[in-house]
2 protein chains.
Amino acid sequence: MALNPRPLPKVILFGLLPVASWFVVRPLLDPVPSLPALHASLGFSIFAFVATLYLVPALGPTFVKANLKGKDLLKTYYTPIPESLGLVCASIYILFLILFIPFAFSNTIIRFAKAPQHHEGIDVIEFPHYQLSVYLSSLLSLLMATMLGFLDDVFDIRWRHKLPIPIIASVPLLMVYFAERGNTNVVVPLPFRFIFGTLVNLGPLYYTYMALLSTFCTNSINILAGINGSEVSQALIIAVSVILNDLLYLPWPVDFRIPLYLLGNRTELGVGGVWHAGMSYGSRELVERHLFSLYFMLPLVSVCAGFLYHNWYPARVFPGDTLCYVTGMAFAVVGIQAHFSKTLLLFFIPQVFNFLLSCPQLFGLVPCPRHRVPRFEPETNLLYPSKTLFQKSPSSLTTSILRIFSILGLTELTIHPTTGAILESTNLTILNFFLVRFGPMSEKKLVKVLIWSQVAGSVLAFTVRYGLAGLLYDGDRR
Amino acid sequence: MALNPRPLPKVILFGLLPVASWFVVRPLLDPVPSLPALHASLGFSIFAFVATLYLVPALGPTFVKANLKGKDLLKTYYTPIPESLGLVCASIYILFLILFIPFAFSNTIIRFAKAPQHHEGIDVIEFPHYQLSVYLSSLLSLLMATMLGFLDDVFDIRWRHKLPIPIIASVPLLMVYFAERGNTNVVVPLPFRFIFGTLVNLGPLYYTYMALLSTFCTNSINILAGINGSEVSQALIIAVSVILNDLLYLPWPVDFRIPLYLLGNRTELGVGGVWHAGMSYGSRELVERHLFSLYFMLPLVSVCAGFLYHNWYPARVFPGDTLCYVTGMAFAVVGIQAHFSKTLLLFFIPQVFNFLLSCPQLFGLVPCPRHRVPRFEPETNLLYPSKTLFQKSPSSLTTSILRIFSILGLTELTIHPTTGAILESTNLTILNFFLVRFGPMSEKKLVKVLIWSQVAGSVLAFTVRYGLAGLLYDGDRR
């Protein structure tokens, strides 16, 4: 069976180009909009979307020729599918972010250009060097993640060799955080204040936390993989959630109130008015941080959406580790640089669940096969939970963990009828968990279940962040 | 014929590790040396040297397995040689540069740590954000060059597709240059001052010049390739030349004078004394710029030297495009960021010569085969100039260019005995030029000739820079 690239609706795409151009050009026209760089970012994102839609199928054969290809494990056909096309997404993403640099600093550039050559008095215009180093260190981390992902695709690096690399990739981020004399104080939740007081200074521990955050974000998407569209749809929904969260902090021309008291929060949230709007409550710094996050998330959504079109069941291309690493690092970058790492982690609820569920296999308590993807049965065209076999009978620790998991409905065990020893267990991933809970289903349905669980996770995250957080913290915390 | 990795002298290597550690630890001990970060940089460079020596042969088989291998065109044996091991050099280089960040800013970090928590009066310690963004943008450009080089090795990108990428890779460099309100004035040489005046503001043209500089540096080393050790030895000698030039600007504890008047310069050069030394004449900014250059050049020399050990005739590993791109970009970075691009270009004399010589083939006047390396004859074990065949008789422009080249001794032509039309010409590279001038020689001898021509080029460069420049410019110019 030949698998042709999915056709591209040319009319819509060519219609998008003038729209994108308008958004890029708009900030140059009078009256200048209140957030000119955001217009340009939106324009660039549309260009990135079109570029991804076109380049991914166009470059597919090149990847196959370079031996970057794989068989789809959950299909009946053996057509080689181009692998690690996430590299194309990552390249488009990073190139557009680089070309965007002058726009991100357009305010200052215009003031530089307009400033008279010879200053008098104290009219000194400073370039926002700090913001530039934040931006550059973010690009650096993204590029290192791309590199690492692609090397992983080419060389198949062993996981203990690649584990330290995201930590090294985060050194520039941490250095910039330090250069800002970044806050390492943590606000203690209300119930623990009688022990620790209001603020605890974590010091170097806070840097460790940030380094681990990038390791977690890059790897957690990677281990929740295996079915068509799973990696990129996770990234897409997390990115959209981050964008929705950012929008809450922007100055909106309209004025409205969100009835937060319904969620249990004691404060009300008014949105509207320039520099005095949303959750920023007039803090220019907060607005700038969330704008920064938007500049990185908007093009990410574009490349993910463009890629998903070709990666959707039945997949024409595979993302490879490259896509997982670069998207994960993008989230770590905005979480750290825009200072909302706790909120960010809330959007990773399915990934955290998958990671915790996987721990017995990751740490060697339960045998971990090379692939833990669900098992495909060609007769029914359905996916079933895949199983891991115990060569020797498991230790008592493993047995008790698996029994608890089984009682909680997280896994299905095959027990020896006479000795009661565990013979088999379903692989401990969220995908197999869905199949255990909801029964066998098609690959297309399973990825939809995954997507809805991710959406549900984000809804829960917003509820916790803006509702329940009011019970644990006083005032408004990030 | 099996080609075993070249043996490593373990005693020397293990002896180097304590020396390296001492250099890294030394800045932490009292009395702190006057240039602490330079000590650490030297220590890191020794570590990078040892790491390259060990990792290059260790990772060779991994590259062969990933289909990154090639036959040595100028040998009798067919053993596959691991290709694009320059990636290992580039990774070690960039990782050490990242780990070095805290040391480069150690002065400020120590002052941050010692500063009292609550400031009084106007005692504000500023982090050198600008220097940090210079450093980060340099890393970003290096990483993009590495990425591009490796993609070129994996996908064999067509040259017109890859040409714009170094330009995009230099956007962060240019942005940082702009952020510093970088000088775009050029000092006019004395003979032209009656036309242009003393200073000419090139404005945007200056940015174009810098973008083209990175394109030239990355590609010029790449086209001077083809024999064992050629790429990496060029990079090594240019890096050493840049280091020698940097050392002239450092504060030396000794005091001596270089008799520049012998070279025709009207000034004398005194070297010695802290902040009032060498060519810096007390300018702290100049000292810092050349320290920056040293931080990037010292580890480059280490990885190149380590790699050359395995790449020397008969080569056990090939560098691939990755090495050419990353070294070329490293030179562009220091040339732009430390503001000595003109001096830098002087160290590229053999590359400029090779580029000018290659122009008729690069621009399609003379047919350009896939490989222009010299021709190997197994019987004599010598290299002879390789030739390009004219399928149809060349245009009159091509004929006249080739005849001029032939008169200058740059090429050898085969002329039709009756019509006088050019039938063949030697390929227009510096390697074939050497073979035309000095007759056939072995590969090992040819690479030595190349090395000596590079050394001679650097000697000429220093003469021009510190001698003849005095005739064209007044005072001291960079």
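Tutor: Q351(B) counts as buried because its relative accessibility is 0%; buried means under 20% relative accessible area, exposed over 50% and partly exposed in between, with a 1.4 Å probe and protein chains only. This is a predicted model, in which local features need pLDDT of at least 70, side-chain atom pairs count only at pLDDT 80 or more, and totals for chains, interfaces and linings use all residues. Residues are numbered from 1 along each chain as its sequence is written, chains are lettered from A and ligands numbered from 1 in the order in which they are written, and side-chain values use heavy atoms, with hydrogens and water left out.

Student: Which helix is Q351(B) in?
Tutor: Helix α15 of chain B, residues 349-362. Helices are DSSP runs of H or I with at least four residues, numbered from the N terminus.

Student: What does Q351(B) touch?
Tutor: Leaving out residues up to four places away in sequence, Q351(B) touches F216(B), S220(B), L224(B), Q234(B), I238(B) and Q454(B). Contact means heavy atoms within 4.5 Å. With Q454(B), the side chain of Q351(B) also forms a polar contact of 3.0 Å, that is, a pair of N or O atoms within 3.5 Å; within protein, one must be able to donate a hydrogen and the other to accept it, and residues adjacent in sequence count only if both atoms are side-chain atoms.

Student: And T343(B), buried or exposed?
Tutor: T343(B) is buried, because its relative accessibility is 3%. This residue sits in helix α14 of chain B, residues 341-346, and its side chain makes a polar contact of 3.1 Å with that of R465(B).

Student: Switching to chain A: where is N245(A)?
Tutor: In helix α11, residues 230-247. N245(A) counts as buried because its relative accessibility is 1%.

Student: Which residues is N245(A) in contact with?
Tutor: Neighbours within four places in sequence aside, they are H290(A), F340(A), T343(A), F347(A), F462(A) and Y466(A).

Notes:
Helices (H or I, at least four residues) and strands (E, at least two) are DSSP runs, numbered from the N terminus.
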